[in-house]
Amino acid sequence: MKDFEVIAFDIDGTLYPSWRLNLKIFPYILSHLRFFLQYGKVRKILHRTAPLADFFEYQARLLAIEMKCTAAEAKEKIDTIVYKGLRPFFDSLTPYKNVEETFRKLKEAGYRLAILSDFPPEQKGAIWGVIPYCETVLGTETIGALKPSKYPFGILSMVLKVPPEKILYVGNSIRFDVNGAKNAGMKTAYLEPWYRRLFHIKCPSADICFADYRKFQDIILEGTPGN
């Protein structure tokens, strides 16, 4: 497990608890409930779609079918309600404890750091101070395919000029993060949810399972077992 050069992170649910965001945006979601139900159907399709030359255009076309409007109108809705509309909620959102410290210590230890996430990373502003530690920050939508497709992970490897087996990918989703990165040939670290920790349900497909970022530091920097 020490044979990797890059540690790349997911954002949503990995650098911050999803429940905190869900509480904040709940009234906003209700105010646009019909849109988000339709948009959710589109995203499910996109998670199974091959790499696209223009992800945003295809996303708009799919939503236009659901909304029975033009693709241009659908694209404007997505931009206004999702990309711009959700952005203010991240300004007051706090990350998991020790996230910035973890990035700093990993960087000081000589690891190259990166971010690869669904939804535009710039939507999260400065991403709680971790961007300066990263060599690259990529959004899968701009790349053209959502996780768990191997394609965005392959692009990350190509951009960093590092073979996939030299990359450890950190995420909170078994399907999208762990399995997606594994299928691309990367090593994986899984941030376990509370119920898995409570009932001692491990993720056998992940190389590392950890409960918090202080534990993650111990695993990577001190060699403490992660499972």
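This is a predicted model: local features need pLDDT of at least 70, side-chain atom pairs count only at pLDDT 80 or more; totals for chains, interfaces and linings use all residues.
Residues are numbered from 1 along each chain as its sequence is written, and side-chain values use heavy atoms, with hydrogens and water left out.

Let's start inside. A nonpolar core here is a set of buried Ala, Val, Leu, Ile, Met, Phe, Trp, Tyr and Cys residues joined through side-chain atoms within 4.5 Å. Buried means under 20% relative accessible area, exposed means over 50%, and partly exposed is in between, with a 1.4 Å probe and protein chains only. The largest nonpolar core has 51 residues, and those with the most contacts inside it are Ile7, Phe9, Leu15, Phe216 and Ile220. Apart from that one lies another core, of 16 residues, with Ala8, Leu116, Ile167 and Tyr169 among them.

What does Phe216 contact, leaving aside its neighbours within four places in sequence? The list is Ile7, Phe9, Thr102, Leu106, Leu168, Val170, Ala189 and Phe210, where contact means heavy atoms within 4.5 Å.

Now the aromatics. Rings of Phe, Tyr and Trp (for Trp, its six-membered ring) pair if their centres lie within 6.5 Å; planes under 30 degrees apart count as stacked, over 60 as edge-to-face and the rest as tilted. Searching the whole structure gives 17 aromatic pairs. One of them is Tyr96 with Tyr213, a tilted pair at 6.2 Å centre to centre with 40° between the planes. Tyr96 sits in the loop between α5 (87-91) and α6 (99-108) and Tyr213 in helix α11 (residues 213-222), so this pair ties together parts that are 117 residues apart in sequence. Helices (H or I, at least four residues) and strands (E, at least two) are DSSP runs, numbered from the N terminus. Tyr96 is partly exposed at 28% relative accessibility, whereas Tyr213 is buried at 1%.

My next pair is Phe153 and Tyr169, which is edge-to-face, at 5.0 Å centre to centre and 90° between the planes. Phe153 belongs to helix α8 (residues 150-160) and Tyr169 to strand β4 (residues 167-171), 16 residues apart. Both Phe153 and Tyr169 are buried. And to finish the rings, Phe9, Tyr96, Phe103, Phe210, Tyr213 and Phe216 form one aromatic cluster.

On to charges. A salt bridge means a side-chain nitrogen of Lys or Arg within 4 Å of a carboxyl oxygen of Asp or Glu, and by this rule the count comes to 13. Lys124 forms one with Asp12, the closest N and O atoms being 3.3 Å apart. That pair links distant parts of the chain: Lys124 is in the loop between β2 (112-117) and β3 (134-139), and Asp12 is in the loop between β1 (6-9) and α1 (18-31), 112 residues apart. Is Lys124 buried or exposed? Buried, with a relative accessible area of 4%.

Arg43 and Glu141 also meet in a salt bridge, at 2.5 Å from N to O. With Arg43 in helix α2 (residues 33-46) and Glu141 in helix α7 (residues 140-143), the pair ties together parts 98 residues apart in sequence. Both Arg43 and Glu141 are buried.

Then come Glu101 and Arg214, with 3.1 Å from N to O in their salt bridge. Glu101 is in helix α6 and Arg214 in helix α11, 113 residues apart. Here Glu101 counts as buried at 18% relative accessibility, while Arg214 is partly exposed at 39%. Finally, Asp10, Lys147 and Asp177 are linked in a network of salt bridges.

Lys147 brings us to the backbone. The peptide bond from Lys147 to Pro148 is cis, with omega near 15°, and Pro148 is in the loop between α7 and α8.

Which loop holds Trp128? The one between β2 and β3. Trp128 has a positive phi of about 55° although it is not a glycine, and it is buried at 18% relative accessibility. Lys161 has a positive phi too, about 60°, and is not a glycine either. Lys161 lies in the loop between α8 and β4 and counts as exposed, at 75% relative accessibility.
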